[in-house]
Amino acid sequence: MAEHRPSTSIEAVESGLAAQGYIASRQIATAVYLSQAIDKPILVEGPAGVGKTELAKAIAAWRGQKMIRLQCYEGLDEAKALYEWKYAKQLLYTQILKDKLGEVLGGAATLHAALEQLHDFGDVFFSKEFVEPRPLLQALEQPAGCVLLVDEIDKSDAEFESLLLEILSDFQVTIPELGTVSAITPPTVILTSNSERDLGDALKRRCLHLHIGFPEQKLEERIVESRVPGISQTLRRQMVGFINEIRTLDLKKLPSVSETIDWARVLVLLQASELDHQIVKDTLNVLLKYESDIEAALPQVTTFVAKAIRQNVFG
Amino acid sequence: MRENLHRFFRAARGAGVHVSPAESIDAMRAVGQVGVSDRGILRDTLLLTLAKTQNEKRALADCFDLFFSQPEPPKDTSERNRTQDSDETASYEVPALAPAAGSSQSTDGLGPLAQLLLSQNRNAIAAATANAASAASLSDIRYSTQRGIFSSRILEAMGIQRLRDDLDELTATNPALAERLTALLEGLRESVRETVSQGLVLYGREEAENLRNEILRNAPLARIEPRQVEQMRFLIRQIARRLRERYSKPRKRQRRGHLDVRRTLRRNAAWGGVPFLTAWKRKHRDRPKIVALCDVSGSVARVSDFFLLLIHSLHEVVDDVRSFAFSGNLIEVSDILESKSPEEAMKDIMSKVGFGSSDYGSSFADFEKEWMSTLTPQTTVIVLGDARSNNLDPRADILRRISERSKRLVWLNPESRMTWGFGDSEMTRYATFCSVIRQCATAQQLERAVSDIVATYQ
């Protein structure tokens, strides 16, 4: 039956990403599958460090495609994102071709005729040769398709969003001098946002909206297992339990998955076999990035460690 | 299935998720890809394609659960049942022909609804109810007052008329069966009522909310009931969001005609300084600087409360707000409002200056003594109060000086215009120094007043 296929292809996505070391929840896998199936970009939102950028890398590695990354920042414009004319090259070529130009125009009797001849000649300088493709145009020109990552779109200006609309909906860009360039193979587009500002509705409408939050405990354990293979099962469970407790506190910046992985690496490096409050206190600065957060968390450490260990015994 | 999805989109709109036609097309295509066999995947798919914020996702998830907990119309059920291949399917697809064994005698000659009820096939009854509900276009329900009419429409569509005739007949011929049927009918009514209530929750939420908000927007702020305060705060936050969206647009405007030499040279460096592209000087628009003086005595306190909440939620639009509260004397409250939740902040302010009898004269004097220097020619000063100074010296001269130092002086008065200048109201005396005077008693008037103030800076 046709209806059985989707769930298996979603599982295929899940295992494919897992092979690249990215443990995806089913919702993420569904989004990746759908973006392929109906040719839609994915807009990924969520707190910093939950693996938004990592997702794009994993997809690219899994499909064996090139990943093209466009990091957004305030003031990013067309010339840096889409294409630019190679002015220096144009200038250089006109200098070199000066004599040739003289030859071409020399034969003309009147100014009008010279202009006519120059018209035939002039478009040479505004041809593909002199276009410097920037990430967005590069992505459209990949014959084998690619994964285009537009990172931290919320950092760019509102005008840049509008620039993206044509690419996102039709996979094409318009260069006034050359005409419209369509994608050879539609790229898989991933946009990430930390919700620093609200994105426009027009942009959101064109995308699948995926929110990645902090993972559930089980999932996070699997992520740690895949990223830090050297860690023992007991320690893994305890540390993930501890981090989940920390996340219930009211902190400026909650520890996310990337911090969990860093911490796991640190614990392995320190050859800890079990969580105890001394080692946690010593390494708390890996998890928490603000002095005030560390101060807020310190008094709770002992209780949280005890809780995490107890949970481990019964769970 | 298509019909079902359309109904779901309507329910989603009812839950406050904005589903545009383009998004519903996307969702249709996506569902076409993943199919409907796995409810979890279907749910994820709809969440991905329709909801575009975290809040919308939550609302839509609730809506999904509610929607699919309803008995589904039979087409769908039959599809699922066919795959399950249970015994029930047979009795369900031809319910009238296979009544339960105990009641098989003397049901001939009864109407279809009576037979259906007597068969006691729950699936079939639920399916019939759902069918009748869509025939009565339950998805058009908007207000809770419509529940009665929709219930009776559904029952009619199910053929209750015939059932009543049957009952009349049976009471004479077979009273025992009639009694059973009456009990069953009661049960049916109950379940129809439930279906309608569920429909109201699904489809009517948005409309009901709009109506309630509309009423609330025009209710005088000073006299709203305590239970409405929370809703009012929500409404004020909505207003703040709207104002933010409207006025937080880029504040650069190109001024044609004035060449920006520096930027032009830099931009044309690639052509060896030959100015192919020109850059023009831009004009920066000021962001509003606001100084708000709010009366927090007795009757005006609540209006001040909402006003302060509104002004302080306009961070993106307004550069700098300093708020002062007064009744007998005046203090600065900006820090309290920034650091605490609205409820706590207001309580704190009230304990410091609230509930006194108002003295505009000495409050203005306090302001002049300590904070007069905060006023610049870009500042808009807003005074919110009823100007009832208990016959004390109004010190209109200070107000004149405030007005001279600032860009604009706006007075918002929660009392109706009729009463200005009567009794101990000093409004007419103050009015000469104000750029704008507005009545400001309801949320709607509040929104207009603040919107006007911000717009003068655009």
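Two strands are said to pair if DSSP finds at least two bridges between them. Helices (H or I, at least four residues) and strands (E, at least two) are DSSP runs, numbered from the N terminus. The model shown is predicted: local features need pLDDT of at least 70, side-chain atom pairs count only at pLDDT 80 or more, and totals for chains, interfaces and linings use all residues. Residues are numbered from 1 along each chain as its sequence is written, while chains are lettered from A and ligands numbered from 1 in the order in which they are written.

**Figure 1. The six-stranded sheet of chain B.** The strands of this open sheet follow the order β5-β4-β3-β6-β7-β8 (chain B), and their pairing is mixed. At its edges stand β5 (330-332) and β8 (436-439) of chain B, each of which pairs on one side only. From one strand to the next, the twist averages 20 degrees; axes are lines fitted to C-alpha atoms, for helices over the stretch in contact, and angles run from 0 to 180 degrees between N-to-C directions. In a regular strand, side chains alternate between the two faces of the sheet.

**Figure 2. Strand β3 of chain B and its partners.** Six bridges link β3 (residues 289-295) of chain B to β6 (residues 379-384) of chain B in the parallel sense. Lys289(B) has Thr379(B) in β6(B) as its bridge partner. β3(B) is also joined by seven bridges to β4 (residues 320-326) of chain B, and these two strands run parallel. Here Leu293(B) has Phe324(B) in β4(B) as its bridge partner.

Figure 3. For Ala325(B), the bridge partner in β5(B) is Ile331(B).

**Figure 4. Helix α21 of chain B against the sheet.** Helix α21 (residues 443-455) of chain B lies across β6, β7 (408-413) and β8 of chain B, and runs at about 160 degrees to β8(B). Two residues are in contact if their C-beta atoms, placed from the backbone, lie within 7 Å.

**Figure 5. Helix α13 of chain B and its cover.** Helix α13 (residues 226-247) of chain B has 22 residues and reaches 32 Å from its first C-alpha to its last, close to the 32 Å expected at 1.5 Å a residue. The expected span of a helix is 1.5 Å times one less than its number of residues. The buried residues of α13(B) are Met232(B), Ile236(B), Ile239(B), Ala240(B), Leu243(B) and Tyr247(B). A residue is buried if 20 or more other C-beta atoms lie within 10 Å of its own, exposed if 12 or fewer, and partly exposed in between, with C-beta atoms placed from the backbone. The cover over the buried residues of α13(B) includes α12 (205-217), α15 (301-312) and α21 of chain B.

Figure 6. The 12 residues of helix α3 (residues 39-50) of chain B should span 16 Å at 1.5 Å a residue, and the end C-alpha atoms are 16 Å apart, which agrees. Helix α3(B) is mostly covered, with nine of its 12 residues buried; among them are Ile41(B), Asp44(B) and Leu50(B). In helix α7 (residues 112-119) of chain B lies Leu116(B). Leu116(B) counts as buried because it has 23 C-beta neighbours inside 10 Å. Between Leu116(B) and Ala128(B), the separation is 12 residues in sequence and 9.1 Å in space, C-alpha to C-alpha.

**Figure 7. The five-stranded sheet of chain A.** Chain A contains 16 helices and nine strands. Its open sheet of five strands has the order β2-β5-β8-β1-β9 (chain A), with parallel pairing. The edge strands β2 (66-71) and β9 (208-211) of chain A each have a single partner strand, so one side of each is left without a neighbour in the sheet. Four bridges join β1 (residues 42-45) of chain A to β8 (residues 188-193) of chain A, and the two run parallel. Within this pair, Leu43(A) stands opposite Leu191(A) in β8(A). Helix α2 (residues 26-37) of chain A lies across β1, β8 and β9 of chain A, at about 160 degrees to β9(A).

**Figure 8. The contact between chains A and B.** Chain A gives 21 residues to the contact and chain B gives 22 residues. On the side of chain A that touches chain B, α2(A) gives the most, with six residues.
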